[in-house]
Amino acid sequence: MTAFAEGRSDPTVQPVPASVVEQVDAADSTLHNPKRAVISLGSNLGNRLETLQGAVDALEDTPGVRVRAVSPVYETEPWGVRADSQPSYFNAVVVLRTTLPPTSLLERAHAVEEAFHRVRDERWGPRTIDVDIVAYADVVSDDPTLTLPHPRAHERAFVLAPWHDVEPEAELPGRGAVAQLLAAVTRDGVAPRADLELQLPE
């Protein structure tokens with residue numbers, strides 16, 4: 001063996017690509033001053049539970065996002081339309097920590113919807129997945145691109161009930177305690193599915 005060969009590093013050890021380093025650094029940034037965000041998930045087409053789990057996993061796979069809690073699953077009659085006009089929804093809430101600004105988190109939410117072939121043909125139409133930002137830290141904003149908190153979250157039991165399950169002391173910015181908001185709305189057509197469970201990503 002030549003001196004040159006002896007001096008070389010192990011050829012099976014390859015340098016880490018810069019793109020991977022950037023991803024790791026981005027994920028690491030979730031440890032530094034992250035913001036809390038609450039995401040509502042809903043699906044009434046296809047394999048609803050599998051789609052919800054896929055959305056949870058996709059959020060966890062996002063650089064700058066760490067999923068901290070996943071709520072129980074609720075089955076909900078369609079909102080804004082006749083109950084028998086569409087399949088029922090499976091709904092859940094995800095609480096996460098993120099270093100992404102609200103607009104970037106919204107872009108990621110839309111990307112997750114597109115990955116599961118969400119189609120926006122009609123308001124309150126059926127969809128494979130709905131990914132809504134309910135709240136982001138204590139931000140209150142009437143920006144039409146992303147209104148925070150979600151303008152109808154305070155009146156929707158399918159958002160408030162699963163959120164209350166994972167954060168009983170939570171507050172909806174500008175609206176008050178989630179427990180009080182939940183007590184003020186009807187739970188008709190919103191039922192917990194104890195037989196179903198979403199997994200918190202490892």
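How many salt bridges does a search of the whole structure find? Five. A salt bridge here is a side-chain nitrogen of Lys or Arg within 4 Å of a carboxyl oxygen of Asp or Glu. Side chains of opposite charge can pair when their charged atoms come close.

Before you start: this is a predicted model, in which local features need pLDDT of at least 70, side-chain atom pairs count only at pLDDT 80 or more, and totals for chains, interfaces and linings use all residues. Residues are numbered from 1 along each chain as its sequence is written, and side-chain values use heavy atoms, with hydrogens and water left out.

**Stop 1: the salt bridges**

Select Glu75 and Arg48. Their side chains form a salt bridge, 3.7 Å from N to O. This pair links distant parts of the chain: Glu75 sits in strand E3 (residues 74-76) and Arg48 in helix H3, 27 residues apart. Helices (H or I, at least four residues) and strands (E, at least two) are DSSP runs, numbered from the N terminus. Glu75 is partly exposed, at 23% relative accessible area. The scale: buried is under 20%, exposed is over 50%, and partly exposed is in between (1.4 Å probe, protein chains only).

Asp195 is exposed at 55%; Arg193 is partly exposed at 23%. Now show Arg48, Glu75, Arg193 and Asp195 together: a network of salt bridges links them.

Next, pick Glu60 and Arg66. Here the closest N and O atoms lie 4.0 Å apart. Glu60 is buried, at 13% relative accessibility. Arg66 is partly exposed, at 27%.

**Stop 2: Gln53**

Select Gln53, in helix H3. Its relative accessibility is 16%, so Gln53 counts as buried. Leaving out residues up to four places away in sequence, Gln53 touches Leu198 and Gln199. Contact means heavy atoms within 4.5 Å.

**Stop 3: helix H4**

Select residues 102-115. These 14 residues of H4 should span 20 Å at 1.5 Å a residue, and the end C-alpha atoms are 20 Å apart, which agrees. The expected span is 1.5 Å times one less than the number of residues.

Which residues of H4 are buried? Leu105, Leu106, Ala109, Val112 and Glu113. They cover an arc of only 115° around the axis, so they lie on the same side of H4. The arc is that of the directions from the helix axis to the C-beta atoms. On the other side, Glu107, Glu114 and Ala115 are exposed.

Show what the buried residues of H4 pack against: strands E1 (35-43), E2 (65-70), E4 (89-98) and E5 (130-136), and helix H3 (48-60).

Finish at His117, which follows H4 and has a positive phi, near 60°.
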